[in-house]
Structures are given as C-alpha cells and as structure tokens.
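Work through the exercises below with the sequence and the structure side by side, and try each task before reading its solution.

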Amino acid sequence: MNKTLLVFSLSLVLPLLMLSQTDTVKAKFVDEQEAEKYYNIGIDNLNAKRIAEALNAFNKAIEVKPGFEKAYYNRGLTYQDMLRNKEALDDFTKAIELNPNSDLYYYSRAQVKASGTDKDGAMEDYGKAITLNPKNAEACYYRGVLKFEKENYAGASTDFTMAIESKPDYAYALNDRGSAKRMLNDFPGAIQDYSRAIKANPGLAFIYNNLGSVKKKNNDLPGAIEAYTTAVTMKTDYYIAYNNRGIAKFDQGDFKGALSDFNKAILLNSEYAFAYNNRSAAKFKLLDYKGAVDDCSQAIKLNGTYGYAYMNRGIAKEMLRDEKGSCQDMKKAIELGVDQAKNYLSDCK
C-alpha cells in the first residue's frame, strides 16, 4: 500500500518538472521575439531620424534581452547622434565585449574617441578594426587622418592607399593622400591624386583649391589660377580660394588682380588676417604704402602673433620714413620667429 502510494506520488512530480522546463523555454522564445520587435522599431526610428523614439525602443530591447549586442551597438549610434558621447562609448564597449570580432564596433568607438580628446585611443581602435578587416576603407581613411594630424605624412599616405585599394573611387582618401604627398614634396604624385579625386567626385570645390596650391608649388601659376577659379566658381563664398588665387596672381606680377582677389576674400570674411597681410603686399607693390600699413595693422589686430604682418608693416613704414616705427616692427617680427626681418635691421640704432 505504501509503495503504491509512493510510486503514484513520483509519477505526479515528474510531469510537473517537465512542464516547468517547457514553460521556461517558451518564455525565453517569447522574450527573443519581444526584443527583436523593439529592436526593429528602434532601427526604423533611427533611420527616420526619430532619435528619442529610437532610444526608447533600444532601451526596451536591452531590458528584455540584456545580452543583445546589436541593440547596444545601435543604441550607441543613437547616443552618438545625440552627442551623448559617454553613453555611446559605454554601449560600443559593451557591444565589443559581447562580440570582440566585429570591426564595425571598434570603428564606431574610434569615431567617438576621435571626435573628443582621446586621439590615441581612437588610433588604437581604428587599428583593431583594420586588423579584423583590412578592407574597412573608412577605418583606414580615418586612421590616416589622425596620422596626418600628427604630421606622420608617410604613415597617413599608407593608410589612405589602403582605403583607396578597397574603395578606388574614394574621393576624400584620394584628396588627402594628395595632401600627404604634397607635404612630402611629391608634387607630381599630389597632382595625380587630386586629379583622380576630382574625377571620382567633381563636385568638391576644396579639391580644386588643393590642386591649385600644389600646382603653385610646382611653379605652374596659370594652372594654379585655373584651379582656384574653378573652386570659386563652384563655391562663390570660398574666401580661402580667393586669397590663394590672389597669391598666385601676385606671384605672376598681376598686382591689381591680386588686390581684387584679396578684397573679395576680406569682403567674405572680415576676420581673415592672412588676406589683410597679403593685401598689404599688393598695395605696397602698387605704391600705396599707407594702405599697406593699415592692412598690416588690421592683420595684427586680428592675430597679435602674426610675425610676417609686423615685418611687412615695418617695410611699409620705412617707405613712409617712419624709421623708429619700422625698427620696432622688425624687432617684434624677429621676436615672433621671423628671421628674415633681421635683414632690415642694419639701419636701426
């Protein structure tokens, strides 16, 4: 009797255990579906730039499924769009912990670090992304940008080349490799890269400006002026290109044309100290010494450490027979590191 009851009791317990396990699995499956639902809502909102709604959806997806790496990653992108960089970094780091083999996660964390003060951390993360996927053109490009900023032009050129190999029509990488080559005094190589960048994307005015600058360095002043003219035609408020075209015209001996371009640059940006200094040189050549002094004074007012403006003002003051003022300006220019000004100190007491 007792044995029968005992066996009967066990037969009741066993199905209950099995039912409990089945419920757990079913609940987990439901949770997966719920997390995916919120995740998809988040993606739709993020793509539509409904940032607050996207953040809310990703929060719910992670709440339902705490190990949801893609939800962490996309919430990180959402925080990044909101300029909440600390939270973005935290989410990208969590995504990396959940999946350390994703080059995209390292790349995105690098982007946030690079936008702040952690340039070294960004460089490291770009490197990890590239190690995981050498064909990640964006990671190669942006690591090259950081190397360029550190004046490692050879290293930058190598990274830009990696980006271009993966994406041959990458106009920004072609442009920036051209700039790296220009800094390395490879002017023909720079011209070739700028020309390729223009072919890849002919709508970027700054590439024409860069092409003009390297052609000027390569002593092709007509080619430089042509490139600058294209830049200002495409972007009519491009004061830097007007200033640069003015310099090329000045070097050609077209002082009135240079003056016109410097006037235009100043009209577009009255705070642009370089254009005032350059206009002073054009006025000097046109024998307007007082105008030259006034322009140098304005350049100095805008930038008190502008040594060449002091030197040029000193030269103009000498032509106005202001020897004391000239000597003072030359001494200040030397103090600011313009050794060329020493050539004008012979008559100073």
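Helices (H or I, at least four residues) and strands (E, at least two) are DSSP runs, numbered from the N terminus. This is a predicted model, in which local features need pLDDT of at least 70 and side-chain atom pairs count only at pLDDT 80 or more, while totals for chains, interfaces and linings use all residues. Residues are numbered from 1 along each chain as its sequence is written, and side-chain values use heavy atoms, with hydrogens and water left out.

**Exercise 1.** Describe the make-up and the overall spread of the chain.

Solution. Begin with the elements: the chain holds 18 helices and 0 strands. Next, take the radius of gyration (over C-alpha atoms), which is 32 Å, well over the 20 Å that the globule rule (2.2 Å times the number of residues to the power 0.38) gives for 349 residues, so the chain is more spread out than a compact globule. Finally, the C-alpha trace spans about 130 × 40 × 35 Å along its principal axes.

**Exercise 2.** Determine how helix α12 lies against helix α13.

Solution. First, α12 (residues 221-234) and α13 (residues 239-252) pack at an angle of about 155 degrees, their axes (lines fitted to C-alpha atoms over the stretch in contact, with angles from 0 to 180 degrees between N-to-C directions) being 9 Å apart. Because angles over 145 degrees count as roughly antiparallel, α12 is roughly antiparallel to α13. Then look at the residues in contact (heavy atoms within 4.5 Å): among them, L221, I225 and Y228 are on the α12 side, and A241, Y242 and R245 are on the α13 side.

Methods. Angles under 35 degrees count as roughly parallel, over 145 as roughly antiparallel, 65 to 115 as roughly perpendicular and the rest as oblique.
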